[in-house]
Each structure stands twice: as C-alpha cells, then as structure tokens.
Amino acid sequence: MSNVIVIDHPLVQHKLSLLRDKDTGAKSFRELVNELALLMGYEVTKNLPLKDAVIETPMQVTTVKILENEKIAVVPILRAGLGMADGIMNLIPNAKLGHIGLYRNPDTLMPTSYYVKLPIDIEERETIIVDPMLATGNSAIEAVNVVKNANSKSIRLVCLIAAPEGIEAMQKAHPDVDIYVASIDEKLDDHGYIVPGLGDAGDRLFGTK
Ligand code: URA
C-alpha cells in the first residue's frame, strides 16, 4: 500500500490557510501555490538516493554526496497543476517538465485526456506529478496511468489538498505511488469539490472566475 505523507511543517500549514481564504486574490494565490510547491518539494525529494562523487574543493580532493539519478520529471496536470510546477522546478532546476491535460467532465467527473507531452527519456526519470487538488482521484489515477504506460522509473504524486475519497481511490488504483499532501480535508461535496477546500484551484490561480 502506498504511503500518504501529510506535510505538517508550520510554514506549509500557515501558507495553506492563507490560500484557503476566499479573500486571497489571484496574485497572492499564485505566489502561495508556488511557495507551497517549493516547500513540499523539499519533503517529496527527501528519499531520493545519493551516491558518492569525488570533487576538488579549493582545499583538497574530497568525496561528496550527489543525487544518484539527477533525472527527474515534473509533470503538472493541466491546468491547475501548472501553478505548482515552477516551485518544484526552482528546487530541481535540471528536471524536465512534462504536461498532461485532463479535462474533468462536470457531469460524469471522469477525466478526458486532451494533451500528453512527456520528456523523451521518461524511462530513466523519477516522476513527480503535481496537481493542487486530489478530489475524486480520477484525474490523478489517469495521469499516473499515462506516466506508468510511458515506463517512468518511479512516480510520486504531490497535491496541496486531498479528499479522503481521492486518497482511497488512488491507493486502490495505484498502491505503489506515494502521495504527498499538505492536508486531508473532510469530504467531497455533491459537485466533486473538496470541503472545506479552497474552491476551484484553476479559477483562483488564473483569475478566470
Ligand atoms: N478541483 C478543484 O479545483 N477544487 C476542488 O475542490 C476539487 C477539484
């Protein structure tokens, strides 16, 4: 069974609370999502394996630790996932960025893929899929399907807020994928929104409502 890691760092919790506030405007919302992705990225990358490397400091030759596999792919689920991509990319500037576009049909709540572009060497990469809201889990499940079919070495899922329903669905569909969240909220409402949540993450990021 996959791990669900709730990142309860005080800065993460504080920024998440600001994000939830309905009076937080698009500019602040974007900045907060960016900061949260960076802070969460620190935890998400915590167990990346290291290897020894020999370098020369100005003082002497020495053995240091570097990432065993620098090949990381960051894959936002469009469109709200875009808000988290920069934050993680700031932390891992050599990562390659893929994109998965999944439109959620408001009636069936099922995802429909309209765009997939992954790094060409995804088979050699550890993939971090980002999407602010893990609601029904359908979009995340489909995004993981896409990345698995492309044979990525490993997959981690990072969301700001998850509903218990989404976690359960993800764990059932992909028990091998660890899920990182800043909060597990109460439930989904009848329209598939997380409560208390933060509303529509895409609309709030891009000011479309
Ligand atoms: N997507 C969102 O943007 N918000 C939710 O609450 C659920 C899905």
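The lining of the largest pocket has 17 nonpolar, nine polar and four charged residues (Ala, Val, Leu, Ile, Met, Phe, Trp, Tyr, Cys and Pro count as nonpolar, Asp, Glu, Lys and Arg as charged, and the others, Gly among them, as polar). This is a predicted model, so to speak for local features pLDDT must be at least 70, and side-chain atom pairs count only at pLDDT 80 or more, while totals for chains, interfaces and linings use all residues. Residues are numbered from 1 along each chain as its sequence is written, and side-chain values use heavy atoms, with hydrogens and water left out.

**Pocket**
- Here 30 residues do the lining, with Leu102, Arg104, Ser139, Tyr193 and Asp200 nearest the centre of the largest pocket (a pocket is an open set of points on a 1 Å grid where a 1.4 Å probe fits, with protein on both sides within 12 Å along at least five of seven lines; lining residues have an atom within 4 Å of a point).
- Elements giving two or more residues to that lining include strand E6 (99-104), H4 and helix H6 (201-206) (DSSP runs, helices being H or I of at least four residues and strands E of at least two).

**H4 and H5**
- Ala140, Ile141 and Val144 in H4 meet Ala169, Met170 and Ala173 in H5 (contact means heavy atoms within 4.5 Å).
- By class, that H4–H5 contact has six nonpolar, no polar and no charged residues.

**H2 and H3**
- In H2, Val33, Asn34, Ala37, Leu38, Gly41 and Tyr42 touch H3 residues, including Gly83, Met84 and Asp86.
- The H2–H3 contact splits into seven nonpolar, five polar and one charged.
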